[in-house]
Amino acid sequence: FVHGINGSPRDFAVMVAKLDRKKFQPWLMYYPTGLDLRVLGDAMFGMLSELNHLYPFEHLHIVAHSMGGLVARSFLSGCVRDDHCEYVRSFTSISTPFGGQPEARNGVDYSPVVMPVWNSIVPGSRFLQGLFRRPLPSGVPHYLLFSYYNPSVTSFVSGDGTIQLSSQLRPEAQAQATALRGFDEDHMSILADESVSAYLNVILTTHGPK
C-alpha cells in the first residue's frame, strides 16, 4: 500500500482491516512525500528488490492512493527498464493524478522554497511526460479506480474535490488500464468505502496464488 502526498499508512486502515488475512499480508510503504517522484520510484524499486532478496516472495500486489500511484507507476517503469520485478501481480491505483495537479504551478512560481515534488506533478512536467513512455511489465494488470464526488461549494470542476477527473482519467492511463471503475466518493472517503475494499479483494484474489 502506497499513500499519497502528506499521507501515511493510516490512510489505508479500512482497507487493511477488510483484507482477507488468510491469503494476504499487508505491507505499507511510508516515505517523504516532498521528494522528486522519479527518486521515490527508484527508491521503491531498490527497497522491494532488497526485500525480495531477503524474503523471496513470488506474489506482490501494489495498491496506491493519489500521488502514490505516480510513485508506483514510476517504480513499474523501472521494472521494465531493468527487466525485473517478476513478482508483481497487479497494480491498483486509486484517485491518482496521472495528468498532474495544476495547483503545483503556484508553488513552483511563487513559493520562496520549491519542493521537488511540485516540479514532478505540474501538468506537462518532464516526469509526467515520461511516465507512460514504457509499458507496464508484461502480465501486470492495472485497475484504475477514480473518485468523482466533489464536496466543494466554490469549485464546480469535475473531480473529487482534490484531483480533477481529467487528471485521474488521463488518456494514456486509460489506454493501459485493464479496468476502470468510478466511485461516488471524494478524494479521501474513497479509501473508507466498503465497496472499494470489496472490489480490491476481488482483484487480489483473481491475481493471487492459485
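# Note on charge pairs, the disulfide and backbone geometry

1. Glutamate 194 is exposed, with a relative accessible area of 55%. The model under review is a predicted one. What does the side chain of glutamate 194 meet in a salt bridge? The partner is lysine 18, at 3.6 Å from N to O. Because glutamate 194 belongs to helix 9 (residues 194–206) and lysine 18 to helix 1, this contact ties together parts that are 176 residues apart in sequence. Lysine 18 counts as partly exposed, its relative accessibility being 40%.

2. The count of salt bridges in the structure comes to 4. Aspartate 42 sits in helix 2 and arginine 81 in helix 3, so the bridge links parts that are 39 residues apart in sequence.

3. Is arginine 170 buried or exposed? Arginine 170 is buried, having a relative accessible area of 11%. Elsewhere, salt bridges with shared partners connect Asp42, Arg81 and Asp82 into one network.

4. Which residues form the positive surface patch? The patch consists of Arg38, Arg126, Arg133 and Arg134. Of these, arginine 134 is placed in the loop that runs between helix 6 (126–130) and strand 3 (142–147). Arginine 134 is partly exposed, at 36% relative accessible area.

5. The structure holds 1 disulfide. The bond is formed by cysteine 79 and cysteine 85, with their sulfur atoms 2.1 Å apart. Which handedness does the disulfide of cysteine 79 and cysteine 85 have? The torsion about the S-S bond is about -80°, so the disulfide is left-handed. As to accessibility, cysteine 79 counts as buried at 2%, and cysteine 85 counts as buried at 3%.

6. Most residues other than glycine have a negative phi, and most peptide bonds are trans. Serine 66 has a positive phi, near 55°, although it is not a glycine. Serine 66 is located in the loop between strand 1 (60–65) and helix 3 (67–81). The residue is buried, with a relative accessible area of 5%.

7. Aspartate 83 is the other case: its phi is near 50°, again a positive value in a residue other than glycine. Aspartate 83 occupies the loop between helix 3 and strand 2 (88–94). Is aspartate 83 buried or exposed? Aspartate 83 is exposed, with a relative accessible area of 70%, while serine 66 is buried at 5%.

8. Serine 74 lies in helix 3 and counts as buried, at 10% relative accessibility. Serine 74 and leucine 128 are 54 residues apart in sequence, and their C-alpha atoms are 9.6 Å apart in space. Lysine 23, in turn, is placed in the loop between helix 1 (13–18) and helix 2 (37–54). Lysine 23 is exposed, with a relative accessible area of 51%, a value that passes the limit of over 50% set for exposed residues. How far apart are the C-alpha atoms of lysine 23 and glycine 159? Their separation is 34 Å, and the two residues are 136 residues apart along the chain.

How values were computed: Residues numbered from 1 in each chain as written. Predicted model: local features only at pLDDT ≥ 70, side-chain atom pairs only at ≥ 80, totals over all residues. Heavy atoms only, no water. Patch = residues over 30% accessible without salt bridge, like charges linked within 9 Å, V, L, I, M, F, W, Y side chains within 5 Å. Areas by Shrake-Rupley, 256 points an atom, 1.4 Å probe, with all protein chains shown as cover. Lys, Arg positive; Asp, Glu negative; His and termini not counted. Charge placed at Lys NZ, Arg CZ, Asp CG, Glu CD. Helix = DSSP H or I, 4+ residues; strand = E, 2+ residues; numbered from the N terminus. Buried < 20%, exposed > 50% of the residue type's maximum accessible area, 1.4 Å probe, protein only. Disulfide = S-S within 2.5 Å.
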